[in-house]
Protein chains: 2
Amino acid sequence: MQAHRTKPPTIKDIARLASVSHSTVSRALRNSSLVDPKTASRIQQIARDAGYRASAVARSLVTQETRTVGVVVTTIADPFVAEVVSGIEEVANQRCYSVFLTESKTDSELEIKAVHSFADRWVDGIIVTSSRVGSLHFKLLSETKVPVVLVNNQHSEASPHSVMIQNVEGSRQAVQHLIRLGHRRIAYIRDRFGYQSDAERLTGYRAALRHAGVTFSKELVVYGDGKAEGGMVAMRTLLGLQDPPTAVFCYNDMTALGALRCIHDERLQVPQDISLVGFDDLFIASYTHPRLTTVRQPKRQLGQLAMETLLKLMSGQDSVDSISVPAELVVRESTAPPREVSE
Amino acid sequence: MQAHRTKPPTIKDIARLASVSHSTVSRALRNSSLVDPKTASRIQQIARDAGYRASAVARSLVTQETRTVGVVVTTIADPFVAEVVSGIEEVANQRCYSVFLTESKTDSELEIKAVHSFADRWVDGIIVTSSRVGSLHFKLLSETKVPVVLVNNQHSEASPHSVMIQNVEGSRQAVQHLIRLGHRRIAYIRDRFGYQSDAERLTGYRAALRHAGVTFSKELVVYGDGKAEGGMVAMRTLLGLQDPPTAVFCYNDMTALGALRCIHDERLQVPQDISLVGFDDLFIASYTHPRLTTVRQPKRQLGQLAMETLLKLMSGQDSVDSISVPAELVVRESTAPPREVSE
DNA sequence: TTGTAGGCGTTATCAT
DNA sequence: ATGATAACGCCTACAA
C-alpha cells in the first residue's frame, strides 16, 4: 500500500505492470479459478504494492448492483431511531453493504427527495423507519423496484415487508401492571404524530381497562407530541383535573421524561403520588430518578431484523413476510400502588 | 412519472422516444444552453413521462465525482454523535450530497475497513468524528487523497482540517463556576478513553484550581469511561473518600448521569450535599432531577461546520483552516454553594 | 443547434 | 489459462 501522488491506478495500470491483460487482473483479484494460481498471487502482490483498489462505481455499472442500501429516518438525533440505525448498520457492514443515511425531518418533500436520490444511486434496497409521512410516498416506493422494508411505520397501508413492535400487547401489559397495583384512574398520554403506533397503544390501554372492568374516561386521555416537551404539557393538564389520575401510561419514554419533569416541578413524588410508565426503554430510562418502568422495544434488534429481511429480499427471496416483535414490560421504580390502597 | 415493469429507461431510450441523439437528451436534462429551449422542454416532458432518472453511478464514472461523503463515527447510538451527524446530514442534503454512515465501534480494524470502503466508492470527502482509534489510520487517511475533516478528534496528530470544541476554556469555566460558589474540594471524573479531549478538560480543571489558589488533590481525579456506568463507579469511589468532594466536574453528561444515579442511591442530594457539572449539554441534561449544570457544545453546529469545511475542501479551496468552537457554561440546578458555606 | 464517437473503470463473453 | 472485445449508462469534445 503506497501513496500515489497522481491519479490512483486503474486495472489497466496493474495489467501493464504485470504484463498481462486487464481481464486477467480482474480475474486474479477476484480469486477466479480461471487463472493460474501463481500468476494470480503475483498479480495480487503487484496490485497491493501499487495501492490498487477496484472502483466500486465502475463495477456497479456493469454488475448492476451497488452493495449499498438507503436508510431514511425522521431524524437521527432521536435516540430510538439512532439505535435502530445502529442495528441496521451493524449487519449491513458485516455483509459488506454501505448505508446511505438520510433524514426526512417529517417532511414529505424531503422524504421523496431522499427516495429519488436513492433510486438515482442504484441502491440495492431501502429501509424506512418510523415514517410519519403520508401514504403518497408508498406509491413512489413501489414504483422504484428496489426492495423496501419498513420499521415501525406509522401508516397502515403497510408495504408487504415490515418489522413492527407489538404495540397493543406491550401497552396492554403496561396498563395491566398498573391495574394489578391497584390503580383505577389511569391516564394515557398520546402522541399527536404517532398515527398507527399511537392508535395501537391506545387500543392496548383500552383493552386492559376493559378486561379489568375499569370504565374508560375520556378526560384521562390527553395528547403529547412524542417528545418531552409535549409530555410536560400533557401532564400539567392531567394534574389540573378535578380528579387527577393516580397513574400515567405514556406513549414513550421521552413523553414520560417530560411528565416526570412536570411532576417534580409540582413537588409531587413518583411513584408515591403518581405512578409512571413509559415505552421504548431508552437508555435514559435506567437513569431517571426514580428509574422508569417501561415497555422495552429491542431497538437494535429491530434494525438488525430489518436489514436481514432486506438482505433476503435483495437476494431474490420473495417469500419473506413481515415480522412482529414482542415488547416486554420492564418494571423498575416508577410504579407502585396508589396512596389510597397502600395506606 | 410512471411505473416501469421492466428495466428502467436509459438515456438512449429517451433519445429514441424523442427522436434525437442521446447527447441532446443529456444536454436538455442538464439545462445546457446548447440546446433549443423548445426541444429541451419537449425532451424533459418525455423523460418525465417515461420516469427517466439519470444513473448517478454512470455519471460518476465519467465525471469522477460521486457527490457522496463518508462519515465514520464510533457509534451512532451515542447521542452526542447522533446530533453531530444530524448537522452533517443537514448541510450535505442541502447541497445534494448523500452521506455514507459507518460505525467503527472504536475498533481500528473496522475504521480502516470503513475508510477503504469509502475510497473504493469514490466518496468526494470524509468526516471522522470523535475517533478514538490510534494514529495509524491517519497515514491511511492521507494516502487516499480525498479531503478529510475531523470533528473533536481524540488525537493530537490532527489532520490539517478539523473542527474542535474549546475543551480547556469550557472546563475552566465550569470549575471556576464551582469555585465561585465556594467549593474547594472539587473532583474531576475523567474519561479513560477520552485522550485529547479528556486531557484538555483536565487542563482546564487544573487551570481553574490554580488560578483560585486551590491545591490540586490527586485523589479527587478518578477515571470513568465516558458513559453512565463509569460515572457511577467513579462517583462511588469519590463518596468513599475520607474527605469527599463537595462538587464534581464530569467529563461529560453521560458520566454525570451515572454520578447522579450513584448520589441518589446513596440517599444524598444534589446540589445540597454535592454539586455536579457535566459537559456536552445533551438533551437529557434539561430533564434530569435536578436539571444538570453543564458546558454546552453546539453539537449540531459542529457537524454543520465540519460539512461546510469539507465542502470548501472538495471545491478545491486549500486555504481552509481548522475551526475552534467555544463552549458555553449553562448553569442549571445541579450546582449550589457547599453546605459549610451556605449554613 | 445537433449528432457522432470516444472514454470513464469494471466485468463478462467470446475466442484462442 | 489468457487475451481481445463488447457492454454498463452517461458526459463531452469534436464534427457537422
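Which helix gives the most to the surface near DNA strand D? Helix 4 of chain B does, with 5 residues. This is a predicted model, in which local features need pLDDT of at least 70, side-chain atom pairs count only at pLDDT 80 or more, and totals for chains, interfaces and linings use all residues. Residues are numbered from 1 along each chain as its sequence is written, while chains are lettered from A and ligands numbered from 1 in the order in which they are written. Helices (H or I, at least four residues) and strands (E, at least two) are DSSP runs, numbered from the N terminus.

**Around the DNA**

- DNA strand D has 23 residues around it, and Ser23(A), Thr10(B), Ile11(B), Ser23(B) and Ala58(B) come nearest.
- Helix 2 (22-29) and helix 4 (56-63) of chain A, plus helix 2 (22-29) and helix 4 (56-63) of chain B, each supply at least two residues of the surface near DNA strand D.
- That surface near DNA strand D divides into 10 nonpolar, 10 polar and 3 charged residues; here Ala, Val, Leu, Ile, Met, Phe, Trp, Tyr, Cys and Pro count as nonpolar, Asp, Glu, Lys and Arg as charged, and the others, Gly among them, as polar.
- DNA strand C is surrounded by 24 residues, with Ile11(A), Ser23(A), Ser26(A), Ala58(A) and Ser23(B) the closest.
- For the surface near DNA strand C, the largest share, 5 residues, comes from helix 4 of chain A.
- By class, the surface near DNA strand C has 10 nonpolar, 10 polar and 4 charged residues.

**Where the two chains meet**

- 40 residues of chain A are in contact with 39 residues of chain B (contact means C-beta atoms, placed from the backbone, within 7 Å).
- On the chain A side, helix 5 of chain A brings the largest share, 7 residues.
- The side of chain A that touches chain B has 21 nonpolar, 11 polar and 8 charged residues.
- Strand 2 of chain A and strand 2 (residues 98-103) of chain B pair in the antiparallel sense over 3 bridges (two strands pair if DSSP finds at least two bridges between them).
- Within that pairing, Leu101(A) has Val99(B) as its bridge partner.

- 12 strands make up an open sheet with mixed pairing, in the order 11(A)-5(A)-4(A)-3(A)-1(A)-2(A)-2(B)-1(B)-3(B)-4(B)-5(B)-11(B).
- Its edge strands are strand 11 (323-325) of chain A and strand 11 (323-325) of chain B, each pairing on one side only.
- At the chain B end, strand 5 (residues 162-165) and strand 11 of chain B run parallel, joined by 3 bridges, and Ile165(B) stands opposite Val325(B).
- Val128(A) belongs to strand 3 of chain A.
- Val128(A) counts as buried because it has 27 C-beta neighbours inside 10 Å (the cut-offs are 20 or more other C-beta atoms within 10 Å for buried, 12 or fewer for exposed and in between for partly exposed, with C-beta atoms placed from the backbone).
- Leaving aside neighbours within four places in sequence, Val128(A) is in contact with Val72(A), Val148(A), Leu150(A) and Asn153(A).
- The C-alpha atoms of Val128(A) and Val151(A) are separated by 6.2 Å, though the two residues are 23 apart along the chain.

**Strand 8 of chain A**

- In a regular strand the side chains alternate between the two faces of the sheet.
- Strand 8 (residues 247-250) of chain A is covered on both faces: Ala247(A) and Phe249(A) are buried on one side, Val248(A) and Cys250(A) on the other.
- Strand 6 (residues 186-191) of chain A pairs with strand 8 of chain A in the parallel sense over 4 bridges, with Tyr188(A) opposite Phe249(A).
- Strand 8 of chain A also runs parallel to strand 9 (residues 275-277) of chain A, joined by 3 bridges, and Val248(A) stands opposite Leu276(A).

**A parallel sheet in chain B**

- 4 strands of chain B form an open, parallel sheet in the order 7-6-8-9.
- Strand 7 (221-224) and strand 9 (275-277) of chain B are the edge strands, each pairing on one side only.
- Strand 6 (residues 186-191) and strand 7 of chain B pair over 4 bridges, with Tyr223(B) the bridge partner of Arg190(B).

Definitions and conventions: A residue is near a molecule or strand if its C-beta atom, placed from the backbone, lies within 6 Å of it. Two residues are in contact if their C-beta atoms, placed from the backbone, lie within 7 Å.
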